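Visitor: I would like to learn how to read a model like this one. Where do we start?

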Number of protein chains: 2
Amino acid sequence: MKIDHDSPADLSAQIAAAIRDSIVEGRLIVDERLPSEAELAEHFNVSRPTVREALKRLAAQSLIRTQRGATGGAFVNRISFEAAQVQQITTSILLLSMNAVSFETACEARFSLERACAPLSAKRRTADHLAAMRAEIHRQGQPGLTDEAFCASDVTFHRALVDGAGNPVLSYQLAGAVEAMQPLMNMITFTARDRAQIIALHERIADALEDGDGDATSEGLSALERETQTLARDVFAARAAKG
Amino acid sequence: MKIDHDSPADLSAQIAAAIRDSIVEGRLIVDERLPSEAELAEHFNVSRPTVREALKRLAAQSLIRTQRGATGGAFVNRISFEAAQVQQITTSILLLSMNAVSFETACEARFSLERACAPLSAKRRTADHLAAMRAEIHRQGQPGLTDEAFCASDVTFHRALVDGAGNPVLSYQLAGAVEAMQPLMNMITFTARDRAQIIALHERIADALEDGDGDATSEGLSALERETQTLARDVFAARAAKG
DNA sequence: CGGAATCTAATTGTCTGACATTAAAACTGC
DNA sequence: GCAGTTTTAATGTCAGACAATTAGATTCCG
(Lines give C-alpha, C1' and ligand atoms only; values in the text may rest on other atoms or scores of the structure.)
Protein backbone atom coordinates (compact mmCIF):
# COMPACT_ATOMS: atom_id res chain seq x y z
CA MET A 1 0.00 0.00 0.00
CA LYS A 2 2.38 2.65 -1.26
CA ILE A 3 1.91 5.68 -3.44
CA ASP A 4 4.27 7.71 -5.56
CA HIS A 5 4.65 11.14 -4.03
CA ASP A 6 6.81 12.56 -6.77
CA SER A 7 4.35 11.93 -9.53
CA PRO A 8 2.80 15.27 -10.22
CA ALA A 9 -0.84 14.93 -9.42
CA ASP A 10 -3.81 12.80 -8.69
CA LEU A 11 -2.74 11.61 -5.29
CA SER A 12 -6.36 10.78 -4.53
CA ALA A 13 -6.54 8.50 -7.57
CA GLN A 14 -3.39 6.69 -6.45
CA ILE A 15 -4.72 6.24 -2.94
CA ALA A 16 -8.05 5.01 -4.26
CA ALA A 17 -6.25 2.51 -6.48
CA ALA A 18 -4.12 1.29 -3.57
CA ILE A 19 -7.16 0.66 -1.40
CA ARG A 20 -9.08 -0.87 -4.29
CA ASP A 21 -6.25 -3.32 -4.88
CA SER A 22 -6.28 -4.24 -1.22
CA ILE A 23 -9.95 -5.11 -1.52
CA VAL A 24 -9.71 -6.98 -4.80
CA GLU A 25 -6.73 -8.99 -3.63
CA GLY A 26 -8.37 -9.87 -0.36
CA ARG A 27 -6.17 -7.95 2.07
CA LEU A 28 -9.31 -6.11 3.14
CA ILE A 29 -12.39 -8.25 3.57
CA VAL A 30 -16.09 -7.51 3.62
CA ASP A 31 -17.28 -5.40 6.57
CA GLU A 32 -13.73 -4.73 7.67
CA ARG A 33 -13.18 -1.20 8.88
CA LEU A 34 -10.59 0.93 7.16
CA PRO A 35 -8.35 3.18 9.23
CA SER A 36 -9.88 6.56 10.01
CA GLU A 37 -9.39 9.37 7.55
CA ALA A 38 -6.83 10.97 9.84
CA GLU A 39 -4.86 7.73 10.08
CA LEU A 40 -4.98 7.19 6.33
CA ALA A 41 -3.81 10.75 5.80
CA GLU A 42 -0.86 10.14 8.06
CA HIS A 43 -0.10 6.76 6.51
CA PHE A 44 -0.07 8.10 2.95
CA ASN A 45 1.46 11.38 4.06
CA VAL A 46 -1.27 13.51 2.53
CA SER A 47 -3.96 15.79 3.88
CA ARG A 48 -7.38 14.69 4.99
CA PRO A 49 -9.29 16.26 2.06
CA THR A 50 -7.11 14.25 -0.32
CA VAL A 51 -7.93 11.05 1.54
CA ARG A 52 -11.59 11.97 1.45
CA GLU A 53 -11.52 12.41 -2.31
CA ALA A 54 -10.05 8.95 -2.62
CA LEU A 55 -12.72 7.46 -0.37
CA LYS A 56 -15.46 9.16 -2.39
CA ARG A 57 -14.11 7.56 -5.52
CA LEU A 58 -14.42 4.16 -3.88
CA ALA A 59 -17.87 4.99 -2.55
CA ALA A 60 -18.97 5.87 -6.08
CA GLN A 61 -18.17 2.29 -7.07
CA SER A 62 -19.96 0.90 -4.02
CA LEU A 63 -16.70 -0.54 -2.79
CA ILE A 64 -17.02 1.11 0.62
CA ARG A 65 -19.70 2.68 2.78
CA THR A 66 -19.14 5.27 5.49
CA GLN A 67 -20.74 5.79 8.84
CA ARG A 68 -20.47 8.69 11.20
CA GLY A 69 -20.07 8.58 14.94
CA ALA A 70 -17.77 7.13 17.53
CA THR A 71 -17.54 3.64 16.04
CA GLY A 72 -17.98 4.95 12.53
CA GLY A 73 -15.60 4.97 9.65
CA ALA A 74 -15.31 3.48 6.19
CA PHE A 75 -16.21 -0.18 5.77
CA VAL A 76 -15.64 -2.54 2.90
CA ASN A 77 -18.96 -3.09 1.21
CA ARG A 78 -20.38 -6.40 0.11
CA ILE A 79 -21.28 -5.53 -3.46
CA SER A 80 -24.82 -6.66 -4.12
CA PHE A 81 -26.03 -7.81 -7.51
CA GLU A 82 -28.66 -5.12 -7.27
CA ALA A 83 -26.21 -2.27 -6.72
CA ALA A 84 -23.93 -3.58 -9.44
CA GLN A 85 -26.82 -3.76 -11.86
CA VAL A 86 -27.80 -0.15 -11.30
CA GLN A 87 -24.29 0.96 -12.17
CA GLN A 88 -24.04 -1.37 -15.12
CA ILE A 89 -27.30 -0.13 -16.58
CA THR A 90 -26.20 3.49 -16.34
CA THR A 91 -22.89 2.69 -17.96
CA SER A 92 -24.48 0.62 -20.72
CA ILE A 93 -26.97 3.33 -21.61
CA LEU A 94 -24.22 5.94 -21.83
CA LEU A 95 -21.95 3.63 -23.78
CA LEU A 96 -24.59 3.15 -26.45
CA SER A 97 -25.63 6.77 -26.71
CA MET A 98 -22.14 8.25 -26.59
CA ASN A 99 -20.60 5.87 -29.08
CA ALA A 100 -23.45 6.07 -31.56
CA VAL A 101 -24.01 2.32 -31.46
CA SER A 102 -26.50 1.41 -34.15
CA PHE A 103 -29.88 0.05 -33.28
CA GLU A 104 -28.97 -3.03 -35.27
CA THR A 105 -25.83 -3.79 -33.28
CA ALA A 106 -27.48 -3.26 -29.91
CA CYS A 107 -30.50 -5.31 -30.91
CA GLU A 108 -28.36 -8.17 -32.15
CA ALA A 109 -26.40 -8.25 -28.90
CA ARG A 110 -29.49 -8.12 -26.76
CA PHE A 111 -31.30 -10.94 -28.49
CA SER A 112 -28.20 -13.09 -28.75
CA LEU A 113 -27.72 -12.82 -25.01
CA GLU A 114 -31.37 -13.44 -24.31
CA ARG A 115 -31.36 -16.58 -26.40
CA ALA A 116 -28.54 -17.76 -24.15
CA CYS A 117 -31.01 -17.66 -21.27
CA ALA A 118 -33.83 -19.35 -23.11
CA PRO A 119 -32.96 -23.02 -22.49
CA LEU A 120 -32.28 -22.41 -18.80
CA SER A 121 -35.38 -20.31 -18.35
CA ALA A 122 -37.53 -22.94 -20.04
CA LYS A 123 -36.28 -25.47 -17.53
CA ARG A 124 -36.38 -23.39 -14.38
CA ARG A 125 -38.85 -20.52 -14.68
CA THR A 126 -41.31 -20.51 -11.80
CA ALA A 127 -45.01 -19.79 -11.99
CA ASP A 128 -44.23 -16.30 -10.74
CA HIS A 129 -41.97 -15.53 -13.67
CA LEU A 130 -44.60 -16.75 -16.08
CA ALA A 131 -47.32 -14.75 -14.35
CA ALA A 132 -45.19 -11.61 -14.52
CA MET A 133 -44.72 -12.11 -18.24
CA ARG A 134 -48.43 -12.72 -18.85
CA ALA A 135 -49.25 -9.59 -16.86
CA GLU A 136 -46.93 -7.51 -19.03
CA ILE A 137 -48.42 -8.98 -22.19
CA HIS A 138 -51.83 -7.97 -20.94
CA ARG A 139 -50.66 -4.47 -20.18
CA GLN A 140 -49.11 -4.15 -23.61
CA GLY A 141 -52.52 -4.76 -25.15
CA GLN A 142 -54.24 -1.98 -23.25
CA PRO A 143 -55.43 0.86 -25.46
CA GLY A 144 -54.09 4.31 -24.73
CA LEU A 145 -50.72 3.04 -23.60
CA THR A 146 -47.94 5.48 -24.51
CA ASP A 147 -45.01 4.27 -26.57
CA GLU A 148 -42.75 4.84 -23.62
CA ALA A 149 -44.90 2.77 -21.29
CA PHE A 150 -45.08 0.06 -23.95
CA CYS A 151 -41.28 -0.07 -24.11
CA ALA A 152 -41.00 -0.12 -20.33
CA SER A 153 -43.38 -3.04 -20.20
CA ASP A 154 -41.35 -4.76 -22.89
CA VAL A 155 -38.24 -4.42 -20.74
CA THR A 156 -40.04 -5.85 -17.71
CA PHE A 157 -41.25 -8.79 -19.80
CA HIS A 158 -37.78 -9.62 -20.99
CA ARG A 159 -36.21 -9.23 -17.58
CA ALA A 160 -38.70 -11.72 -16.21
CA LEU A 161 -37.62 -14.12 -18.93
CA VAL A 162 -33.98 -13.63 -18.02
CA ASP A 163 -34.59 -13.95 -14.30
CA GLY A 164 -36.41 -17.19 -15.01
CA ALA A 165 -33.04 -18.77 -15.75
CA GLY A 166 -32.41 -18.65 -12.02
CA ASN A 167 -28.79 -17.63 -12.44
CA PRO A 168 -27.96 -14.33 -10.75
CA VAL A 169 -24.78 -13.92 -12.76
CA LEU A 170 -26.76 -14.17 -15.98
CA SER A 171 -29.38 -11.74 -14.70
CA TYR A 172 -26.69 -9.28 -13.78
CA GLN A 173 -24.92 -9.45 -17.12
CA LEU A 174 -28.15 -9.26 -19.09
CA ALA A 175 -29.59 -6.30 -17.22
CA GLY A 176 -27.32 -3.86 -19.02
CA ALA A 177 -28.08 -5.22 -22.47
CA VAL A 178 -31.83 -5.30 -21.92
CA GLU A 179 -32.20 -1.92 -20.24
CA ALA A 180 -29.82 -0.09 -22.51
CA MET A 181 -32.07 -0.92 -25.44
CA GLN A 182 -34.92 1.05 -23.95
CA PRO A 183 -33.74 4.54 -24.96
CA LEU A 184 -33.21 3.25 -28.48
CA MET A 185 -36.64 1.63 -28.55
CA ASN A 186 -38.17 4.84 -27.29
CA MET A 187 -37.15 6.51 -30.53
CA ILE A 188 -39.61 4.30 -32.38
CA THR A 189 -43.29 5.03 -32.84
CA PHE A 190 -45.35 1.86 -32.69
CA THR A 191 -48.49 1.55 -34.73
CA ALA A 192 -51.34 -0.56 -33.41
CA ARG A 193 -50.40 -3.23 -35.93
CA ASP A 194 -46.77 -3.19 -34.78
CA ARG A 195 -47.84 -3.67 -31.21
CA ALA A 196 -50.16 -6.51 -32.10
CA GLN A 197 -47.34 -8.36 -33.82
CA ILE A 198 -44.98 -7.87 -30.92
CA ILE A 199 -47.61 -8.99 -28.44
CA ALA A 200 -48.28 -12.10 -30.51
CA LEU A 201 -44.59 -12.95 -30.40
CA HIS A 202 -44.49 -12.32 -26.66
CA GLU A 203 -47.34 -14.78 -26.30
CA ARG A 204 -45.52 -17.31 -28.42
CA ILE A 205 -42.47 -16.95 -26.19
CA ALA A 206 -44.49 -17.21 -22.99
CA ASP A 207 -46.25 -20.31 -24.31
CA ALA A 208 -42.94 -21.92 -25.17
CA LEU A 209 -41.63 -21.18 -21.69
CA GLU A 210 -44.79 -22.60 -20.16
CA ASP A 211 -44.21 -25.80 -22.13
CA GLY A 212 -40.60 -25.90 -20.97
CA ASP A 213 -39.53 -25.84 -24.60
CA GLY A 214 -36.18 -24.07 -24.82
CA ASP A 215 -35.81 -24.39 -28.57
CA ALA A 216 -39.23 -22.90 -29.22
CA THR A 217 -38.37 -20.05 -26.85
CA SER A 218 -35.19 -19.35 -28.78
CA GLU A 219 -37.08 -19.40 -32.05
CA GLY A 220 -39.66 -17.02 -30.66
CA LEU A 221 -36.89 -14.66 -29.62
CA SER A 222 -35.32 -14.89 -33.05
CA ALA A 223 -38.64 -14.08 -34.67
CA LEU A 224 -39.03 -11.13 -32.34
CA GLU A 225 -35.53 -9.95 -33.21
CA ARG A 226 -36.31 -10.07 -36.94
CA GLU A 227 -39.57 -8.24 -36.37
CA THR A 228 -37.86 -5.57 -34.26
CA GLN A 229 -35.04 -5.08 -36.75
CA THR A 230 -37.47 -4.73 -39.65
CA LEU A 231 -39.61 -2.31 -37.72
CA ALA A 232 -36.64 -0.16 -36.78
CA ARG A 233 -35.28 -0.19 -40.31
CA ASP A 234 -38.61 1.01 -41.70
CA VAL A 235 -38.97 3.73 -39.11
CA PHE A 236 -35.48 5.05 -39.64
CA ALA A 237 -35.77 4.83 -43.43
CA ALA A 238 -39.04 6.77 -43.36
CA ARG A 239 -37.50 9.36 -41.09
CA ALA A 240 -34.46 9.72 -43.34
CA ALA A 241 -36.67 10.15 -46.42
CA LYS A 242 -38.64 12.90 -44.72
CA GLY A 243 -35.80 14.82 -43.04
CA MET B 1 -30.09 20.82 -11.03
CA LYS B 2 -31.13 21.35 -7.43
CA ILE B 3 -30.03 19.76 -4.21
CA ASP B 4 -31.63 19.43 -0.82
CA HIS B 5 -29.72 21.49 1.67
CA ASP B 6 -31.72 20.45 4.71
CA SER B 7 -31.04 16.77 4.33
CA PRO B 8 -28.36 16.06 6.86
CA ALA B 9 -25.42 14.78 4.93
CA ASP B 10 -23.90 13.59 1.73
CA LEU B 11 -24.11 16.83 -0.14
CA SER B 12 -21.38 15.58 -2.44
CA ALA B 13 -23.47 12.54 -3.34
CA GLN B 14 -26.44 14.74 -4.16
CA ILE B 15 -24.34 17.01 -6.33
CA ALA B 16 -22.79 14.05 -8.11
CA ALA B 17 -26.25 12.63 -8.76
CA ALA B 18 -27.48 15.96 -10.12
CA ILE B 19 -24.59 16.24 -12.55
CA ARG B 20 -24.87 12.57 -13.49
CA ASP B 21 -28.52 13.05 -14.35
CA SER B 22 -27.63 16.01 -16.51
CA ILE B 23 -25.25 13.82 -18.46
CA VAL B 24 -27.54 10.81 -18.76
CA GLU B 25 -30.47 12.94 -19.84
CA GLY B 26 -28.42 14.80 -22.40
CA ARG B 27 -28.34 18.27 -20.86
CA LEU B 28 -24.58 17.95 -20.82
CA ILE B 29 -23.04 16.48 -23.92
CA VAL B 30 -19.71 14.83 -24.64
CA ASP B 31 -16.67 17.11 -24.36
CA GLU B 32 -18.76 19.90 -22.90
CA ARG B 33 -17.02 21.77 -20.12
CA LEU B 34 -18.65 21.90 -16.72
CA PRO B 35 -18.59 25.14 -14.75
CA SER B 36 -15.43 25.61 -12.71
CA GLU B 37 -15.31 24.20 -9.20
CA ALA B 38 -15.74 27.69 -7.76
CA GLU B 39 -18.80 28.33 -9.92
CA LEU B 40 -20.32 24.98 -9.03
CA ALA B 41 -19.69 25.67 -5.36
CA GLU B 42 -21.53 28.96 -5.65
CA HIS B 43 -24.35 27.44 -7.69
CA PHE B 44 -24.99 24.63 -5.22
CA ASN B 45 -24.20 26.87 -2.27
CA VAL B 46 -21.53 24.58 -0.86
CA SER B 47 -17.78 24.78 -0.42
CA ARG B 48 -15.22 23.86 -3.01
CA PRO B 49 -14.02 20.66 -1.28
CA THR B 50 -17.58 19.38 -1.32
CA VAL B 51 -17.82 20.05 -5.04
CA ARG B 52 -14.51 18.33 -5.55
CA GLU B 53 -15.70 15.21 -3.74
CA ALA B 54 -18.69 15.13 -6.06
CA LEU B 55 -16.47 15.48 -9.13
CA LYS B 56 -14.19 12.70 -7.93
CA ARG B 57 -17.19 10.41 -7.65
CA LEU B 58 -18.01 11.11 -11.28
CA ALA B 59 -14.40 10.70 -12.32
CA ALA B 60 -14.36 7.26 -10.67
CA GLN B 61 -17.10 6.23 -13.06
CA SER B 62 -15.27 7.76 -16.03
CA LEU B 63 -18.14 10.17 -16.53
CA ILE B 64 -15.83 13.20 -16.50
CA ARG B 65 -12.15 13.97 -16.91
CA THR B 66 -10.34 16.97 -15.52
CA GLN B 67 -7.61 19.13 -16.93
CA ARG B 68 -5.51 21.73 -15.22
CA GLY B 69 -4.49 25.09 -16.56
CA ALA B 70 -6.11 28.24 -17.80
CA THR B 71 -8.57 26.56 -20.16
CA GLY B 72 -8.86 23.54 -17.92
CA GLY B 73 -11.79 22.22 -15.99
CA ALA B 74 -14.01 19.17 -15.90
CA PHE B 75 -15.26 17.81 -19.20
CA VAL B 76 -17.91 15.24 -19.95
CA ASN B 77 -16.14 12.08 -21.01
CA ARG B 78 -17.02 9.90 -23.94
CA ILE B 79 -17.12 6.54 -22.19
CA SER B 80 -15.09 4.06 -24.20
CA PHE B 81 -15.90 0.38 -24.36
CA GLU B 82 -12.41 -0.25 -23.09
CA ALA B 83 -12.76 1.88 -19.96
CA ALA B 84 -16.20 0.47 -19.26
CA GLN B 85 -14.84 -3.06 -19.57
CA VAL B 86 -12.12 -2.46 -17.02
CA GLN B 87 -14.67 -1.33 -14.50
CA GLN B 88 -17.08 -4.10 -15.32
CA ILE B 89 -14.41 -6.75 -14.89
CA THR B 90 -13.43 -5.42 -11.47
CA THR B 91 -17.05 -5.33 -10.38
CA SER B 92 -17.76 -8.81 -11.72
CA ILE B 93 -14.79 -10.34 -9.95
CA LEU B 94 -15.78 -8.76 -6.65
CA LEU B 95 -19.42 -9.72 -7.12
CA LEU B 96 -18.51 -13.36 -7.49
CA SER B 97 -16.00 -13.50 -4.66
CA MET B 98 -18.02 -11.46 -2.18
CA ASN B 99 -21.30 -13.21 -2.76
CA ALA B 100 -19.83 -16.69 -2.71
CA VAL B 101 -21.17 -17.51 -6.15
CA SER B 102 -20.59 -21.18 -6.83
CA PHE B 103 -18.24 -22.30 -9.54
CA GLU B 104 -21.17 -24.09 -11.11
CA THR B 105 -23.33 -20.98 -11.39
CA ALA B 106 -20.56 -18.79 -12.77
CA CYS B 107 -19.50 -21.46 -15.23
CA GLU B 108 -23.03 -21.96 -16.48
CA ALA B 109 -23.47 -18.22 -17.02
CA ARG B 110 -20.19 -17.87 -18.81
CA PHE B 111 -20.72 -20.70 -21.26
CA SER B 112 -24.33 -19.76 -21.88
CA LEU B 113 -23.25 -16.29 -22.86
CA GLU B 114 -20.39 -17.55 -24.95
CA ARG B 115 -22.66 -19.87 -26.87
CA ALA B 116 -24.68 -16.76 -27.70
CA CYS B 117 -21.63 -15.46 -29.55
CA ALA B 118 -20.86 -18.69 -31.35
CA PRO B 119 -23.11 -18.32 -34.42
CA LEU B 120 -22.03 -14.73 -35.01
CA SER B 121 -18.37 -15.50 -34.48
CA ALA B 122 -18.56 -18.43 -36.89
CA LYS B 123 -19.88 -16.07 -39.52
CA ARG B 124 -17.67 -13.08 -38.91
CA ARG B 125 -14.41 -14.07 -37.24
CA THR B 126 -11.42 -12.76 -39.16
CA ALA B 127 -8.17 -14.59 -39.80
CA ASP B 128 -6.66 -12.56 -36.97
CA HIS B 129 -9.14 -13.87 -34.44
CA LEU B 130 -8.48 -17.42 -35.56
CA ALA B 131 -4.73 -16.92 -35.45
CA ALA B 132 -4.98 -15.52 -31.92
CA MET B 133 -6.91 -18.57 -30.82
CA ARG B 134 -4.47 -20.99 -32.45
CA ALA B 135 -1.59 -19.17 -30.78
CA GLU B 136 -3.20 -19.57 -27.37
CA ILE B 137 -3.86 -23.25 -28.01
CA HIS B 138 -0.20 -23.67 -28.83
CA ARG B 139 0.83 -21.86 -25.68
CA GLN B 140 -1.48 -24.02 -23.60
CA GLY B 141 0.39 -27.10 -24.78
CA GLN B 142 3.80 -25.85 -23.70
CA PRO B 143 5.33 -27.84 -20.89
CA GLY B 144 6.20 -26.00 -17.71
CA LEU B 145 3.30 -23.60 -17.99
CA THR B 146 1.96 -22.67 -14.57
CA ASP B 147 -1.69 -23.21 -13.81
CA GLU B 148 -2.17 -19.49 -13.58
CA ALA B 149 -0.65 -18.87 -16.99
CA PHE B 150 -2.75 -21.68 -18.40
CA CYS B 151 -5.92 -20.00 -17.10
CA ALA B 152 -4.83 -16.61 -18.42
CA SER B 153 -4.29 -18.13 -21.83
CA ASP B 154 -7.70 -19.75 -21.60
CA VAL B 155 -9.26 -16.33 -20.98
CA THR B 156 -7.43 -14.84 -23.96
CA PHE B 157 -8.62 -17.70 -26.15
CA HIS B 158 -12.23 -17.18 -25.19
CA ARG B 159 -12.07 -13.43 -25.54
CA ALA B 160 -10.81 -13.84 -29.08
CA LEU B 161 -13.80 -16.06 -29.75
CA VAL B 162 -16.15 -13.44 -28.35
CA ASP B 163 -14.48 -10.59 -30.21
CA GLY B 164 -14.86 -12.61 -33.39
CA ALA B 165 -18.58 -11.88 -33.27
CA GLY B 166 -17.67 -8.34 -34.30
CA ASN B 167 -20.21 -6.80 -31.96
CA PRO B 168 -18.67 -4.39 -29.45
CA VAL B 169 -21.75 -4.51 -27.23
CA LEU B 170 -21.43 -8.27 -26.97
CA SER B 171 -17.70 -8.04 -26.30
CA TYR B 172 -18.33 -5.55 -23.53
CA GLN B 173 -21.02 -7.58 -21.83
CA LEU B 174 -19.05 -10.81 -22.10
CA ALA B 175 -15.80 -9.41 -20.75
CA GLY B 176 -17.09 -9.46 -17.20
CA ALA B 177 -18.35 -13.00 -17.39
CA VAL B 178 -15.20 -14.37 -18.99
CA GLU B 179 -12.66 -12.55 -16.85
CA ALA B 180 -14.50 -13.04 -13.58
CA MET B 181 -14.13 -16.79 -14.02
CA GLN B 182 -10.37 -16.57 -13.90
CA PRO B 183 -9.99 -16.29 -10.12
CA LEU B 184 -12.30 -19.27 -9.76
CA MET B 185 -10.38 -21.28 -12.33
CA ASN B 186 -7.15 -20.41 -10.58
CA MET B 187 -8.32 -22.41 -7.61
CA ILE B 188 -8.10 -25.55 -9.71
CA THR B 189 -4.99 -27.64 -10.24
CA PHE B 190 -4.82 -29.01 -13.75
CA THR B 191 -3.19 -32.36 -14.39
CA ALA B 192 -1.46 -32.94 -17.71
CA ARG B 193 -4.40 -35.08 -18.73
CA ASP B 194 -6.88 -32.33 -17.84
CA ARG B 195 -4.96 -29.87 -19.94
CA ALA B 196 -4.82 -32.22 -22.89
CA GLN B 197 -8.57 -32.64 -22.83
CA ILE B 198 -9.19 -28.91 -22.62
CA ILE B 199 -6.74 -28.24 -25.45
CA ALA B 200 -8.47 -30.87 -27.60
CA LEU B 201 -11.78 -29.12 -27.06
CA HIS B 202 -10.23 -25.76 -27.84
CA GLU B 203 -9.01 -27.22 -31.10
CA ARG B 204 -12.44 -28.58 -31.85
CA ILE B 205 -13.90 -25.11 -31.26
CA ALA B 206 -11.29 -23.39 -33.39
CA ASP B 207 -11.85 -25.90 -36.19
CA ALA B 208 -15.58 -25.29 -36.08
CA LEU B 209 -15.01 -21.54 -36.26
CA GLU B 210 -12.64 -21.99 -39.16
CA ASP B 211 -15.36 -23.92 -40.97
CA GLY B 212 -17.87 -21.20 -40.18
CA ASP B 213 -19.99 -23.79 -38.41
CA GLY B 214 -21.88 -22.05 -35.62
CA ASP B 215 -23.68 -25.16 -34.38
CA ALA B 216 -20.46 -27.13 -34.09
CA THR B 217 -18.91 -24.20 -32.23
CA SER B 218 -21.80 -24.22 -29.76
CA GLU B 219 -21.49 -27.94 -29.28
CA GLY B 220 -17.79 -27.61 -28.68
CA LEU B 221 -18.46 -24.98 -26.04
CA SER B 222 -21.06 -27.21 -24.42
CA ALA B 223 -18.59 -30.08 -24.31
CA LEU B 224 -16.02 -27.78 -22.77
CA GLU B 225 -18.55 -26.64 -20.20
CA ARG B 226 -19.32 -30.23 -19.21
CA GLU B 227 -15.62 -31.02 -18.99
CA THR B 228 -14.93 -27.95 -16.87
CA GLN B 229 -17.83 -28.63 -14.53
CA THR B 230 -16.77 -32.25 -14.03
CA LEU B 231 -13.19 -31.23 -13.43
CA ALA B 232 -14.19 -28.63 -10.86
CA ARG B 233 -16.55 -31.00 -9.11
CA ASP B 234 -13.82 -33.60 -8.75
CA VAL B 235 -11.28 -31.11 -7.49
CA PHE B 236 -13.62 -29.65 -4.91
CA ALA B 237 -14.84 -33.07 -3.82
CA ALA B 238 -11.27 -34.28 -3.33
CA ARG B 239 -10.44 -31.17 -1.40
CA ALA B 240 -13.50 -31.55 0.81
CA ALA B 241 -12.65 -35.19 1.54
CA LYS B 242 -9.13 -34.24 2.56
CA GLY B 243 -9.78 -31.10 4.57
C1' DC C 1 -28.78 -2.40 42.42
C1' DG C 2 -30.83 -0.84 38.08
C1' DG C 3 -32.16 2.20 34.80
C1' DA C 4 -32.42 6.57 32.74
C1' DA C 5 -30.25 10.69 31.68
C1' DT C 6 -25.99 12.95 30.71
C1' DC C 7 -21.37 13.48 29.34
C1' DT C 8 -17.36 12.18 26.59
C1' DA C 9 -14.75 10.77 22.86
C1' DA C 10 -14.12 9.40 18.18
C1' DT C 11 -15.27 9.94 13.58
C1' DT C 12 -17.19 11.68 9.41
C1' DG C 13 -19.17 15.95 7.05
C1' DT C 14 -18.39 20.61 5.84
C1' DC C 15 -16.28 25.21 5.59
C1' DT C 16 -12.63 28.83 5.06
C1' DG C 17 -8.55 30.39 3.27
C1' DA C 18 -4.30 29.71 1.46
C1' DC C 19 -0.60 28.18 -1.65
C1' DA C 20 1.34 25.11 -5.48
C1' DT C 21 1.07 23.62 -10.15
C1' DT C 22 -0.27 23.73 -14.71
C1' DA C 23 -1.21 25.32 -19.32
C1' DA C 24 -3.19 28.48 -22.39
C1' DA C 25 -3.46 33.16 -23.72
C1' DA C 26 -1.87 37.82 -23.68
C1' DC C 27 1.86 40.74 -23.86
C1' DT C 28 6.44 42.64 -24.74
C1' DG C 29 10.75 43.53 -26.87
C1' DC C 30 13.45 43.15 -30.61
C1' DG D 1 6.45 38.94 -37.17
C1' DC D 2 8.21 36.03 -33.86
C1' DA D 3 10.38 34.30 -29.59
C1' DG D 4 10.34 34.70 -24.94
C1' DT D 5 8.06 36.31 -20.82
C1' DT D 6 4.20 37.41 -18.02
C1' DT D 7 -0.41 36.98 -16.75
C1' DT D 8 -4.35 34.50 -15.65
C1' DA D 9 -7.59 31.00 -14.71
C1' DA D 10 -8.15 26.68 -13.47
C1' DT D 11 -7.28 22.32 -10.80
C1' DG D 12 -4.44 19.96 -7.00
C1' DT D 13 -3.11 20.07 -2.28
C1' DC D 14 -2.71 21.54 2.41
C1' DA D 15 -3.84 23.21 7.29
C1' DG D 16 -6.97 24.09 10.71
C1' DA D 17 -11.39 24.61 12.40
C1' DC D 18 -16.18 23.59 13.63
C1' DA D 19 -20.65 20.91 13.16
C1' DA D 20 -23.11 16.61 13.42
C1' DT D 21 -23.51 12.07 14.72
C1' DT D 22 -23.13 8.01 17.34
C1' DA D 23 -21.47 4.53 20.67
C1' DG D 24 -19.88 3.96 25.03
C1' DA D 25 -18.78 5.55 29.72
C1' DT D 26 -20.36 7.97 33.57
C1' DT D 27 -23.39 9.78 36.82
C1' DC D 28 -27.42 10.35 39.41
C1' DC D 29 -31.65 9.09 41.40
C1' DG D 30 -35.23 5.86 42.79
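Guide: We take the DNA surface, then the chain interface, then a hairpin. One caution: this is a predicted model.

Visitor: Which elements supply the surface near DNA strand D?

Guide: Both chains take part. Chain A gives helix H1 (11-24) and helix H3 (48-60), while chain B gives helix H2 (37-44), helix H3 (48-60) and strand E2 (73-76). Each supplies at least two residues. By class, this surface has 10 nonpolar, 10 polar and 5 charged residues.

Visitor: Now the interface. How is its size given?

Guide: Often as the accessible area lost when the parts come together. Here we count residues instead. In this model, 40 residues of chain B are in contact with 40 residues of chain A.

Visitor: Which element of chain B gives the largest share of the side that touches chain A?

Guide: H5(B) does, with 10 residues. That side of chain B divides into 23 nonpolar, 10 polar and 7 charged residues.

Visitor: And strands? What is the general idea?

Guide: In a regular strand, side chains alternate between the two faces of the sheet. For the case here, look at chain A. Strand E1 (residues 64-67) and strand E2 (residues 73-76) of chain A run antiparallel, joined by 4 bridges. A:Ile64 has A:Val76 as its bridge partner in E2(A).

Visitor: What phi does A:Gly69 take in this hairpin?

Guide: A positive one, near 100 degrees. The hairpin of E1(A) and E2(A) has 5 residues between the strands.

Technical notes:
Residues numbered from 1 in each chain as written. Chains lettered and ligands numbered in written order. Predicted model: local features only at pLDDT ≥ 70, side-chain atom pairs only at ≥ 80, totals over all residues. Nonpolar A, V, L, I, M, F, W, Y, C, P; charged D, E, K, R; others polar. Contact = placed C-beta atoms within 7 Å. Pairing = 2+ DSSP bridges.
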